[in-house]
Amino acid sequence: MTQIIAVHSFRGGTGKSNLIANIAATLTLKGQRVGIVDTDIQSPGIHIIFGLKEDKIQLALNDYLWGRCDIRDAAYDVTDALIAEQGNRGSVKGSLYLIPSSIKATEIAKVLREGYDVVRLNDGFQELIRSLKLDYLLIDTHPGLNEETLVSIGISNLLLIILRPDSQDFQGTAVTVDVARKLKATKMLLVINKALPTLNFADLQQQVENIYNVSVAGILPLSEDMVQLASKGVFCLRYSGHSMSQTIKDITEQIAGLVVSQ
Ligand SMILES: Nc1ncnc2c1ncn2[C@@H]1O[C@H](COP(=O)(O)OP(=O)(O)OP(=O)(O)O)[C@@H](O)[C@H]1O
Ligand SMILES: [Mg+2]
């Protein structure tokens, strides 16, 4: 059964897109067929991490939502970006597809002005899973709560919530967890990102798990290397020996283990 993972944060800039790219790459290296849908229609960006240039995006999620194409036509095979990072095909056993959102101002404005049919979005997810024979579908969401995020949470097998150790994130995460429980989201996991390396991570994990009664899959430090990479690549492939890459692997294993055990 395909596992659908919605990745969300109440506030923006927490690191969702980069973490999704890293989890997706880790799963793909292991031989999984993975899809990522960028549902952050108002401020898309994950395509940049895979080096997918704007002029190469002929069709995007927006075109599917407006009935201009099949969703399969807006899926880009970005496996080559992983192969380029790895230096050889042999170490990338699976395939990775990205369905980007349009970066054209007119398309973004159209969605803001007119909205779209979220039922069609859900149909698109199911069609992608079928036609691309996906093992995993990862959904990158817009921060905060909106209709497509609620749909994503509702249909996912796992909701992964990213937060920073920041009071605004803590309060917002409580809202998301509450909504997810009301939607009867099957499984939830938290990832804390951008934690000051000087913090006591074990204490932080305990504190956050006590607040939400949800497991913390991992804590990623605020990293200068990540800032330097500046979304120009997949961190765990570029810096495979980095301690943060090991944490990303651990998080991915927990996700895989959790969704399989359902
Ligand atoms: N652990 C980290 N340490 C330092 N910088 C990080 C870390 N994780 C992510 N970043 C940086 O934070 C910025 C935001 O990351 P990203 O775009 O992945 O977040 P996002 O949650 O998807 O944002 P948005 O809500 O705007 O979609 C990027 O510049 C990224 O390089
Ligand atoms: Mg993002």
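## Basis of the description

The model is predicted, so that local features need pLDDT of at least 70 and side-chain atom pairs count only at pLDDT 80 or more, while totals for chains, interfaces and linings use all residues. Residues are numbered from 1 along each chain as its sequence is written, chains are lettered from A and ligands numbered from 1 in the order in which they are written, and side-chain values use heavy atoms, with hydrogens and water left out.

## The site of ligand 1

Ligand 1 sits in the largest pocket. A pocket here is an open set of points, on a 1 Å grid over the protein atoms alone, where a 1.4 Å probe fits and where protein lies on both sides within 12 Å along at least five of seven lines; a molecule sits in a pocket if more than half of its atoms lie within 2 Å of its grid points. Around ligand 1 there are 17 residues, of which K16, N18, N193, K194 and S223 come nearest, a residue being near if one of its heavy atoms lies within 4 Å of the molecule.

By class, this shell holds 5 nonpolar, 9 polar and 3 charged residues, where Ala, Val, Leu, Ile, Met, Phe, Trp, Tyr, Cys and Pro count as nonpolar, Asp, Glu, Lys and Arg as charged, and the others, Gly among them, as polar. At least two shell residues are supplied by each of α1 (16-29), β7 (187-195) and α10 (224-229), and the largest share, 3 residues, comes from α1. Helices (H or I, at least four residues) and strands (E, at least two) are DSSP runs, numbered from the N terminus.

## Backbone contacts to the ligand

An oxygen atom of ligand 1 lies 2.9 Å from a backbone N or O atom of G13, and an oxygen atom of the ligand is 3.1 Å from a polar backbone atom of T14. For S223, a polar backbone atom is 2.9 Å from a nitrogen atom of ligand 1. Of the 640 Å² of accessible area that ligand 1 has on its own, the protein covers 79%, as given by the Shrake-Rupley method with a 1.4 Å probe.

Although A24 and V234 are 210 residues apart in sequence, their C-alpha atoms are 9.7 Å apart in space. N22 is likewise found in α1 and is buried, with a relative accessible area of 1%, and its side chain reaches the backbone oxygen of N18 at 2.7 Å.

T2 is placed in the segment before β1 (3-8). With a relative accessible area of 16%, T2 is buried, and its side chain reaches the backbone oxygen of L134 at 2.7 Å.

## Positive phi in two loops

N213, which is not a glycine, has a positive phi of about 55 degrees and lies in the loop between α9 (201-212) and β8 (216-221). N213 is exposed, its relative accessible area being 66%.

S231, also not a glycine, has a positive phi of about 60 degrees. S231 belongs to the loop between α10 and α11 (235-238), and is partly exposed at a relative accessible area of 26%.

Definitions and conventions: A polar contact is a pair of N or O atoms within 3.5 Å; within protein, one must be able to donate a hydrogen and the other to accept it, and residues adjacent in sequence count only if both atoms are side-chain atoms. On a 1 Å grid over the protein atoms alone, a cavity is a set of points where a 1.4 Å probe fits but cannot get out, and a pocket is an open set with protein on both sides within 12 Å along at least five of seven lines; lining residues have an atom within 4 Å of a point. Buried means under 20% relative accessible area, exposed over 50%, partly exposed in between (1.4 Å probe, protein chains only).
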